[in-house]
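Visitor: Can you take me through the side-chain interactions in this one? I'd like the cut-offs as we go.
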Amino acid sequence: MAYSESYTCDVCGKKKESDGWWLVWVDCFPGQKPEEDQPLIKLTRWQSHHAHSNGVKHLCGARCAGTMMDRWMMEQHADPDAHCQTA
C-alpha cells in the first residue's frame, strides 16, 4: 500500500497539488536581555522534511504568504510588548 501525504494552505485552504509552496513559522529574535526577546516570522521554500515540524504553517504562494505576514504584523502591532513564548 502506498503512503500519500496531503497538505492544506493554512490561509486559503487550498490542497497542495503543485510545487511553489512555502513554509512559515514564528521564532525568537534574542535581545540583550531575555525580557527584550521579540518574536519574528521566518519564511522558506517548501521542504517536505520541515513541513512536519511543530509550529510550521503551509502556504500555497505569495498571496497567502503576504496575508499570513499581514495577520502576524497586526498581532504584533496589537501587542507591541509581546515577547517570545517559551515552551
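Guide: To begin with a term: a salt bridge here is a side-chain nitrogen of Lys or Arg within 4 Å of a carboxyl oxygen of Asp or Glu. This is a predicted model, so to speak: local features need pLDDT of at least 70, side-chain atom pairs count only at pLDDT 80 or more, and totals for chains, interfaces and linings use all residues. Residues are numbered from 1 along each chain as its sequence is written, and side-chain values use heavy atoms, with hydrogens and water left out.

Visitor: OK, how many salt bridges does the structure hold?
Guide: Three. One of them joins D27 and K42, with the closest N and O atoms 2.8 Å apart. D27 lies in strand 1 and K42 in strand 2 (residues 38-45), so this bridge ties together parts 15 residues apart in sequence. Strands are DSSP runs of E with at least two residues, helices are runs of H or I with at least four, and both are numbered from the N terminus.

Visitor: Switching to rings. How many aromatic pairs?
Guide: Two. Y7 and W46 are edge-to-face, 4.8 Å centre to centre with 80° between the planes. Rings of Phe, Tyr and Trp (its six-membered ring) pair if their centres lie within 6.5 Å; planes under 30 degrees apart count as stacked, over 60 as edge-to-face and the rest as tilted. Y7 is in the segment before strand 1 and W46 is in the loop between strand 2 and strand 3 (57-59), 39 residues apart.

Visitor: What about W21 and W46?
Guide: Their ring centres are 6.0 Å apart and their planes at 85°, so that pair is edge-to-face. W21 lies in the segment before strand 1, so the pair ties W21 to the loop holding W46, 25 residues apart in sequence. W21 is buried at 3%, W46 is buried at 18%, and Y7 is buried.

Visitor: Which charged end sits over the ring of W46?
Guide: That of K16, 5.0 Å from the ring centre. The test is NZ of Lys or CZ of Arg within 6 Å of the ring centre and within 35 degrees of the ring normal.

Visitor: Now the largest nonpolar core. Which residues touch the most other members?
Guide: C9, V11, W46, L59, C64 and M68, out of 16 residues. Helix 1 (62-78) and strand 1 (22-29) each give two or more residues, and the largest share, four residues, comes from helix 1. Such a core is a set of buried Ala, Val, Leu, Ile, Met, Phe, Trp, Tyr and Cys residues joined through side-chain atoms within 4.5 Å.

Notes
Buried < 20%, exposed > 50% of the residue type's maximum accessible area, 1.4 Å probe, protein only.
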